[in-house]
Amino acid sequence: MGFALEPVVAADFDALAALRERAMRESLQRIGRHDPVRVRERLAAGFDPAATRHIVVDGRRVGFVVIKRLSHAFRIEHLYLDLDAQRRATGSAVLRWVCARADAELLPVELVALKGSDANRFYLRHGFAEVGEGEFDIDYLREPVTAGMAAVRALWTAFQARDWGGARALLRDDFESTWWTSGERFEGADAYVELQRRYPEGWTIRLIEVVPLADGRVLSLARVDHGPGRFFGTAVWRVEDGRLAGADEYWATVETPPAWRDALGARTRIDPAADPRAQVPQAPPRSGAAP
């Protein structure tokens with residue numbers, strides 16, 4: 001997994017406080033709240049060595065994480081990496097590991113991020129949603145991934161990897177997909193996989209969101225970048241016994257808005273590719289005990 005977690009003792013506090021100050025310095029300076037004394041005091045206020053782990057890469061301590069297993073959720077109280085480790089995807093690996101543990105128990109993950117910090121984009125990319133806001137912080141929550149959600153994510157991952165056998169294994173034999181915007185229906189798992197295999201090459205999937213619906217179905221939102229074109233697909237998936245039984249898919253092409261909307265005063269143009277949640281789907285890490 002690229003990292004290990006090691007226990008923390010009370011004597012480690014000074015080193016952890018110094019690391020936290022280095023990691024947060026730029027973000028705090030950006031909003032005019034950099035105060036090393038306050039950074040240290042906030043860490044000391046809730047310091048719990050039993051819930052804290054050093055993040056170790058290649059035998060070197062590069063960060064730390066504080067995870068608490070509450071009755072209703074996993075809570076990440078701190079996750080910091082030293083500056084030279086922040087560009088090595090170690091933070092993503094640690095976060096995915098925590099989320100995998102939470103998914104195994106069907107519990108959400110909650111955390112707080114400083115306003116103006118790059119951490120906000122980081123957490124959005126990993127499926128967290130903003131659920132509250134204070135004067136200086138933003139509250140985030142990630143709902144657990146159900147078996148149906150995992151199957152949908154795995155299908156998108158298999159498509160992106162051109163793993164047609166892996167995709168086929170996720171579908172019931174009688175799988176049926178309806179593409180409503182083009183008026184097409186594809187019957188049978190083999191036909192659906194063949195459709196994806198024959199699609200003209202050069203495309204990249206970026207999965208934006210996968211959420212459960214109250215009736216057990218799963219909704220996904222994906223973007224497909226294909227040459228100069230860009231497409232968004234919303235799909236509602238039916239899941240039976242952990243395998244996908246069918247889908248209703250709605251595909252839209254990114255296009256320039258009509259000129260008549262230019263006169264609207266309350267409009268802001270955005271870049272459809274700027275959504276920080278849109279990520280190339282990848283297989284999640286295995287859940288289990290701490291590495």
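## Basis of the model

The model is predicted, and local features need pLDDT of at least 70, side-chain atom pairs count only at pLDDT 80 or more, and totals for chains, interfaces and linings use all residues. Residues are numbered from 1 along each chain as its sequence is written, and side-chain values use heavy atoms, with hydrogens and water left out.

## Overall make-up

The secondary structure of the protein comes to seven helices and 13 strands, where helices (H or I, at least four residues) and strands (E, at least two) are DSSP runs numbered from the N terminus. Taken along the principal axes, the C-alpha atoms fill a box of roughly 65 × 50 × 35 Å. Of the contacts in the protein with a separation of 6 or more, 56% are between residues 24 or more positions apart, a contact being heavy atoms within 4.5 Å.

Buried residues make up 41% of the 291 residues; buried means under 20% relative accessible area, exposed means over 50%, and partly exposed lies in between, with a 1.4 Å probe and protein chains only. The protein exposes about 15,600 Å², of which carbon and sulfur atoms supply 51%, and these areas come from the Shrake-Rupley method with a 1.4 Å probe, only the protein chains shown counting as cover for residues.

## Helix 5

Helix 5, residues 147-160, has 14 residues and reaches 20 Å from its first C-alpha to its last, close to the 20 Å expected at 1.5 Å a residue; the expected span is 1.5 Å times one less than the number of residues. Helix 5 is mostly covered, as ten of its 14 residues are buried, among them Gly148, Met149, Trp156 and Phe159. The helix is followed by Arg162, whose phi is positive, near 60°.

## Charges and salt bridges

The protein has 40 positive and 42 negative charges, and their mean positions are 3 Å apart. Lys and Arg count as positive and Asp and Glu as negative, while His and the chain ends are not counted; the place of a charge is taken as NZ of Lys, CZ of Arg, CG of Asp or CD of Glu. Side chains of opposite charge can pair when their charged atoms come close. The structure holds 27 salt bridges, each being a side-chain nitrogen of Lys or Arg within 4 Å of a carboxyl oxygen of Asp or Glu.

One of these joins Arg40 to Asp14, with the closest N and O atoms 2.6 Å apart. Arg40 lies in helix 2 (residues 36-45) and Asp14 in helix 1 (residues 13-30), so the pair ties together parts that are 26 residues apart in sequence. Arg40 counts as partly exposed at 39% relative accessibility, and Asp14 is partly exposed as well, with a relative accessible area of 47%.

## Further charged residues

Arg223 and Asp225 meet in a salt bridge at 2.9 Å, N to O, and both Arg223 and Asp225 are buried. Another salt bridge links Arg267 with Asp262, the closest N and O atoms being 2.8 Å apart; Arg267 is partly exposed at 28% relative accessibility, and Asp262 is partly exposed at 48%. Salt bridges that share partners also join Arg206, Arg223, Asp225 and Arg230 into one network.

Arg96 has its place in helix 3, residues 90-104, and is partly exposed, with a relative accessible area of 34%. Arg96 and His126 are 30 residues apart in sequence and 7.9 Å apart in space, C-alpha to C-alpha.
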